[in-house]
2 protein chains.
Amino acid sequence: MTETIPPGTRFARLPSPFHFKRGGSLSGAVLAYETWGELSPSGDNAILILPGLSPNAHAAANASNPEPGWWEAMLGPGKPIDTNRWFVVCVNPLGSCKGSTGAASVNPDTGRAYRLDFPDLSIEDGARAAREVLRELGIERLACVIGNSMGGMGALAFLLLHPGLARSHIQVSGAPQALPFSIAIRSLQREAIRLDPNWNQGLYDDHAYPENGMRIARKLGVVTYRSAIEWDGRFGRVRLDSECREDDPFGLEFEVERYLEGHARRFVRTFDPNCYLYLSRSMDWFDVAEYAGGDLMKALASIRLERALSIGVHTDILFPLQQQEQVAEGLRAGGANSEFLALESPQGHDAFLVDIARFGPAIGGFLAKL
Amino acid sequence: MTETIPPGTRFARLPSPFHFKRGGSLSGAVLAYETWGELSPSGDNAILILPGLSPNAHAAANASNPEPGWWEAMLGPGKPIDTNRWFVVCVNPLGSCKGSTGAASVNPDTGRAYRLDFPDLSIEDGARAAREVLRELGIERLACVIGNSMGGMGALAFLLLHPGLARSHIQVSGAPQALPFSIAIRSLQREAIRLDPNWNQGLYDDHAYPENGMRIARKLGVVTYRSAIEWDGRFGRVRLDSECREDDPFGLEFEVERYLEGHARRFVRTFDPNCYLYLSRSMDWFDVAEYAGGDLMKALASIRLERALSIGVHTDILFPLQQQEQVAEGLRAGGANSEFLALESPQGHDAFLVDIARFGPAIGGFLAKL
């Protein structure tokens with residue numbers, strides 16, 4: 001696999017053994033992270049960012065790695081998450097393949113990669129691992145925990161498992177539980193990988209790699225990360241130049257197909273298929289309602305925060321807007337000064353990554369009031 | 001493949017050779033159809049139904065086949081399409097594998113199945129083939145042409161290619177052109193089939209059949225045929241009983257996954273993969289705008305009808321409601337008494353098949369006024 005751990009990534013050791021919610025444990029596991037800014041003497045300016053499924057910890061350029069990160073326009077000096085004021089920590093999720101221990105990591109007990117011997121991963125395990133990074137950095141309290149997409153789930157798990165650790169929360173295009181449409185999409189992505197003969201029950205290597213399954217999974221992901229309305233304006237029915245078209249009679253013909261193809265090519269072989277399966281399934285399992293006997297709103301209301309912001313967009317079909325609204329309402333019922341903000345971005349679930357013109361002022365404005 | 005041509009299906013011979021829009025031709029081709037009711041002495045009561053991608057011609061029980069059909073609640077004596085009054089013809093689309101000539105049919109010139117030697121299929125070819133069924137039945141004018149989904153595209157092609165042949169039109173969850181989100185979904189379905197090693201450039205057989213590709217294609221289809229809102233209420237986060245779950249650690253766990261699995265099992269090996277590829281691509285190619293130099297509304301307005309009804313639902317993500325609205329507006333601009341009806345069905349694109357409580361009165365009411 002292509003090397004996918006950015007230079008300058010730091011690693012926090014997790015307690016060994018590190019026990020998982022559903023059983024099993026890891027020995028000598030680590031969580032990858034990066035930081036921006038400086039922790040204030042009183043330690044009151046720390047922000048934790050929990051990202052989505054695929055990002056590494058390099059959210060933006062910093063001293064140890066000047067390359068732009070995946071949230072470059074959001075994070076830095078003078079930017080919405082202003083690192084002149086805030087000390088920001090971003091982790092790579094537990095179970096990923098971009099620095100944190102995951103199914104592609106070597107199990108020190110056997111000397112071989114975990115593959116399917118990796119324990120069943122839950123969102124809660126990732127939240128507990130992120131807590132250990134804060135311990136390593138000497139952070140006793142967070143000004144804010146920000147969670148995007150899967151990280152939104154992680155942030156809610158973090159708040160439920162570590163009461164009192166965060167003063168505020170920004171939920172970005174996340175959800176308090178997986179709903180059946182999203183479960184169906186993710187189940188289908190996992191099935192495409194598992195049906196690829198090269199997946200071979202997780203025993204692939206670089207030569208026999210489940211490229212076809214990963215292609216389908218990624219393209220289906222991109223279809224659900226964006227929106228039909230955006231694509232109507234962006235691609236319409238524009239066709240490829242004839243020189244870009246393939247001989248294959250069922251090959252690429254429309255611009256939108258080339259766009260998906262480009263995304264697939266950039267993703268395949270940069271993300272480990274087994275890690276993808278574990279992280280994907282952890283989202284399907286996540287359900288805040290479990291923390292209050294099946295009552296989702298009661299579980300959210302058990303979280304104590306000073307302030308909260310829950311943001312999403314109308315065009316998100318994977319983490320639909322009503323789920324961000326539920327989070328805002330539940331946290332308000334728990335006593336937080338809780339805002340819900342529905343943005344008009346056409347870009348669907350991915351809007352928080354690309355529509356900084358809308359998401360930036362929302363996030364920056366909330367942080368400025370802290 | 002499982003035998004999929006219903007008993008009682010009738011066959012109209014197409015002119016031989018039957019030339020295709022994009023070149024190539026068929027010899028000795030047929031179109032499968034069924035009928036209900038009686039043609040009136042003046043021939044003024046004929047209705048043509050053009051179905052979606054997968055149905056056969058057996059829309060409902062009739063004298064030659066008492067088994068219920070795929071639109072059983074819509075079509076029959078006293079039903080919304082009342083066969084006591086109307087003489088109804090339903091075809092199986094050209095290029096399908098359920099009676100009409102398609103890629104799985106034997107090419108009489110070679111004695112072997114066409115497979116990828118089948119000519120490039122356009123929606124217009126299917127519309128011209130349906131015209132031949134009317135000729136065989138002695139129908140000189142249609143009271144109405146009804147098109148569902150892909151058949152909605154077919155109906156618009158029929159009206160453009162055969163001016164004056166129909167007095168009225170009902171467009172059901174169809175579209176005047178393919179838009180990029182739908183193209184992306186269909187492209188991905190076709191890619192899943194083509195990536196299956198058993199597809200083998202179309203040279204599969206019953207023993208080496210692209211079952212995995214067809215499973216993914218069908219499940220992705222079902223995801224886009226229904227709606228998230230329907231599934232929230234229907235499946236929620238309900239899990240399978242442990243006895244239904246598989247040993248496979250990434251196997252079925254939620255009810256929604258079992259639902260998709262059931263759909264896949266019923267579809268795979270009852271629909272020919274090459275036929276699926278041809279029909280799917282024909283939808284991506286279809287664009288009414290081609291009939292007026294790229295001006296979609298002008299092309300629609302060139303169609304002359306007395307009355308038209310265009311129906312769809314808010315929850316349809318594959319043939320979105322604004323496309324049915326375009327059809328209604330375009331036909332109105334062409335002089336028709338043209339209605340647009342947005343129904344509240346939660347079932348998404350498939351609603352016309354299952355929400356007869358809403359679609360029945362809409363279609364029946366329109367026909368009653370003819």
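Buried means under 20% relative accessible area, exposed over 50%, and partly exposed in between (1.4 Å probe, protein chains only). This is a predicted model, in which local features need pLDDT of at least 70 and side-chain atom pairs count only at pLDDT 80 or more, while totals for chains, interfaces and linings use all residues. Residues are numbered from 1 along each chain as its sequence is written, chains are lettered from A, and side-chain values use heavy atoms, with hydrogens and water left out.

**View 1. A salt bridge between Glu191(A) and Lys219(B).** Here a salt bridge is a side-chain nitrogen of Lys or Arg within 4 Å of a carboxyl oxygen of Asp or Glu. The closest N and O atoms of Glu191(A) and Lys219(B) are 2.7 Å apart. This pair crosses between chains, from helix 3 (residues 180-195) of chain A to helix 4 (residues 211-225) of chain B; helices are DSSP runs of H or I with at least four residues, strands are E runs of at least two, and both are numbered from the N terminus. Both Glu191(A) and Lys219(B) are buried.

**View 2. The network around that pair.** Glu191(A) and Lys219(B) are linked with Arg215(B), Glu261(B) and Arg265(B) in a network of salt bridges.

**View 3. Lys21(B) meets Glu290(B).** Their salt bridge is 3.1 Å, N to O. Lys21(B) sits in the loop between strand 2 (18-19) and strand 3 (25-26) of chain B and Glu290(B) in the loop between helix 7 (273-285) and helix 8 (296-301), so the pair ties together parts 269 residues apart in sequence.

**View 4. Asp284(B) meets Arg190(B).** This salt bridge is 2.8 Å, N to O, and both Asp284(B) and Arg190(B) are buried.
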